[in-house]
Amino acid sequence: MKISELAATAQVSVKTIRYYEQIGLLSAPIRTANGYRHYQQKDIDTLIFVRRCRELNIALDDIKRLVDTQDDPKSSCSLVDNIIAEQLARIQQTQRELALLEQSLAALASCCKHHQIKDCSILHTLKTGSACAS
């Protein structure tokens, strides 16, 4: 399988595959006599695994650890559990921050009843940091 075929199968770009090879997330492929990269089923599996981890917004360093962990099937799952728990905590923190951001933006959006920039309560609030004056 050539790199373009791998990209299509795993639903990632060729550039992404080359980057993952460069950082050691994906093993260097076998090269044919004409210099083409040749990939195998394990490369497809790894790349799909990495793509799914990225969809969960897991950091590349953590994904590398998850990929490496699979080399020893009898080892403990504690590393995997910890990485997922930490990612969940990060996502939950982000959700809390986004909820606060939403509240702030909603308050700003509803505070200006004026029709001219010179009287805009939103701009005044953003400049001064004071409470929104209707």
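# Reading helices, salt bridges and core in a predicted model

Q: How many residues does helix 5 have, and what does it reach from its first C-alpha to its last?
A: Helix 5 (residues 78-111) has 34 residues and reaches 49 Å from first to last C-alpha, close to the 50 Å expected at 1.5 Å a residue. The expected span is 1.5 Å times one less than the number of residues. Helices (H or I, at least four residues) and strands (E, at least two) are DSSP runs, numbered from the N terminus.

Q: What should be kept in mind about the model and the numbering?
A: The model is predicted: local features need pLDDT of at least 70, side-chain atom pairs count only at pLDDT 80 or more, and totals for chains, interfaces and linings use all residues. Residues are numbered from 1 along each chain as its sequence is written, and side-chain values use heavy atoms, with hydrogens and water left out.

Q: Which residues of helix 5 are buried, and what covers them?
A: Buried means under 20% relative accessible area, exposed over 50%, and partly exposed in between (1.4 Å probe, protein chains only). In helix 5, the residues I83, Q87, L108 and C111 are buried. Their cover includes helix 4 (60-69) and helix 6 (121-128).

Q: What does L66 touch?
A: Contact means heavy atoms within 4.5 Å. L66 lies in helix 4 and, at 6% relative accessibility, counts as buried. Not counting residues up to four places away in sequence, L66 touches F49, C53, V80 and I83. I83 is one of the buried residues of helix 5.

Q: Which residues touch the most other members of the largest nonpolar core?
A: In soluble globular proteins, nonpolar side chains tend to be buried together. A nonpolar core is a set of buried Ala, Val, Leu, Ile, Met, Phe, Trp, Tyr and Cys residues joined through side-chain atoms within 4.5 Å. The largest one here has 20 residues, of which L6, I17, Y20, L25, L47, V50 and I63 touch the most other members. Helix 1 (3-10), helix 2, helix 3 (41-55) and helix 4 each supply at least two residues of this core. Helix 3 gives the most, with 5 residues. Leaving aside neighbours within four places in sequence, V50 is in contact with Y20, L25, I63 and V67.

Q: How many salt bridges does the structure hold?
A: Side chains of opposite charge can pair when their charged atoms come close. A salt bridge is a side-chain nitrogen of Lys or Arg within 4 Å of a carboxyl oxygen of Asp or Glu. The structure holds 7 salt bridges. One of them joins the side chains of R37 and E21 at 3.1 Å, N to O. R37 lies in strand 2 (residues 37-38) and E21 in helix 2 (residues 14-22), so the pair ties together parts that are 16 residues apart in sequence.

Q: Are R37 and E21 buried or exposed?
A: R37 is buried, with a relative accessible area of 18%. E21 also counts as buried, at 15% relative accessibility.

Q: Where do R65 and D62 lie?
A: An α-helix has 3.6 residues a turn, so residues three or four places apart point the same way. R65 and D62 both lie in helix 4, 3 residues apart, about one turn of the helix. Their side chains meet in a salt bridge of 3.0 Å, N to O. R65 counts as partly exposed at 38% relative accessibility, whereas D62 counts as buried at 9%. D62, R65 and R90 are linked in a network of salt bridges.

Q: What is the N to O distance between D119 and K118?
A: The side chains of D119 and K118 meet in a salt bridge at 3.7 Å. D119 counts as partly exposed, at 35% relative accessibility, and K118 is exposed, at 67%.

Q: Where is Q11 placed, and where is N57 found?
A: Most residues other than glycine have a negative phi, and most peptide bonds are trans. Q11 has a positive phi, near 60°, and its place is in the loop between helix 1 and helix 2. Q11 is exposed, with a relative accessible area of 59%. N57 has a positive phi near 65° and is found in the loop between helix 3 and helix 4. N57 is partly exposed, at 48%.
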